[in-house]
Amino acid sequence: MELDTLYQEVILDHYKHPLNKGLSGTYDVQVHHINPSCGDEITLNLTVRDLNIKSITWDGVGCSISQASVSIVSDLLLDKSLDEAGSITEQFIELMHSKGTKEGDPLVLEDAVAMAGVSKFPARIKCALLGWMAFRDAADRIKQSQDSGDERGGSQ
Ligand code: ZN
């Protein structure tokens, strides 16, 4: 129970003091995602350079879980490569589908493990996933535009 209280505090802290909130003037991709069942709504701007995430900014309204989750995403995935961010996203999705049986790896998910308890409440899972889904959508669009637009033969 003490752990739950600590996790509550992590979530409330992100909700009250959100990170990277306020949309950047420039971005590569902007996405807008909603969670109609709860009324959560976010807009997310993503900027990527050389396959690394240079900026994630967002704005939104909704419940504390959804808004805290976007704040966590915007901080956790910053400066990660798109591949790394993709695998972290997969781990979080897996955690949310665990029905409370998994705790999540704090070394990978950091503050996002505070959301582990949400997986026991099916109605709230979409709240917790909103920011991650928005990020994944934005990242996919960037990958698609690079696949079709870039000349091949770069490094790596
Ligand atoms: Zn919600």
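A: Start with accessibility: buried means under 20% relative accessible area, exposed over 50%, and partly exposed in between, with a 1.4 Å probe and protein chains only. The model is predicted, so local features need pLDDT of at least 70 and side-chain atom pairs count only at pLDDT 80 or more, while totals for chains, interfaces and linings use all residues. Residues are numbered from 1 along each chain as its sequence is written, and side-chain values use heavy atoms, with hydrogens and water left out.

Q: Why is Asp 50 called exposed?
A: Its relative accessibility is 72%, and the term exposed applies over 50%. Asp 50 is placed in the loop between β2 (40-49) and β3. Asp 50 is not a glycine, yet has a positive phi of about 50 degrees.

Q: What makes Asn 20 partly exposed?
A: Asn 20 has a relative accessible area of 30%, and the class covers values between the buried and exposed cut-offs. Asn 20 also shows a positive phi, about 60 degrees, without being a glycine. The loop that holds Asn 20 runs between α1 (2-16) and β1 (29-35).

Q: Which residues are called protein donors of the zinc ion, and what makes them so?
A: Donors are N, O and S atoms within 2.8 Å of the metal (3.2 Å for Na, K and Ca); water is not among the atoms, so sites may look incomplete. The SG atoms of Cys 38, Cys 63 and Cys 127 and two OD entries of Asp 40 lie 2.1 to 2.8 Å from the zinc ion. Along the sequence, the spacing of the donor residues is C-x1-D-x22-C-x63-C. Cys 63, in the loop between β3 (52-61) and α2 (64-76), and Cys 127, in helix α5 (residues 122-149), are 64 residues apart, and the pair links distant parts of the chain. Both Cys 63 and Cys 127 are buried.

Q: How many helices and strands does the protein have, and what counts as one?
A: Helices (H or I, at least four residues) and strands (E, at least two) are DSSP runs, numbered from the N terminus. The protein has five helices and three strands, in the order α-β-β-β-α-α-α-α.

Q: Why is the protein called as compact as a globular protein of its length?
A: The radius of gyration is taken over C-alpha atoms, and the globule rule is 2.2 Å times the number of residues to the power 0.38. For 156 residues the rule gives 15 Å; the protein has 16 Å, close to that, so the description holds. Buried residues make up 42% of the 156 residues.
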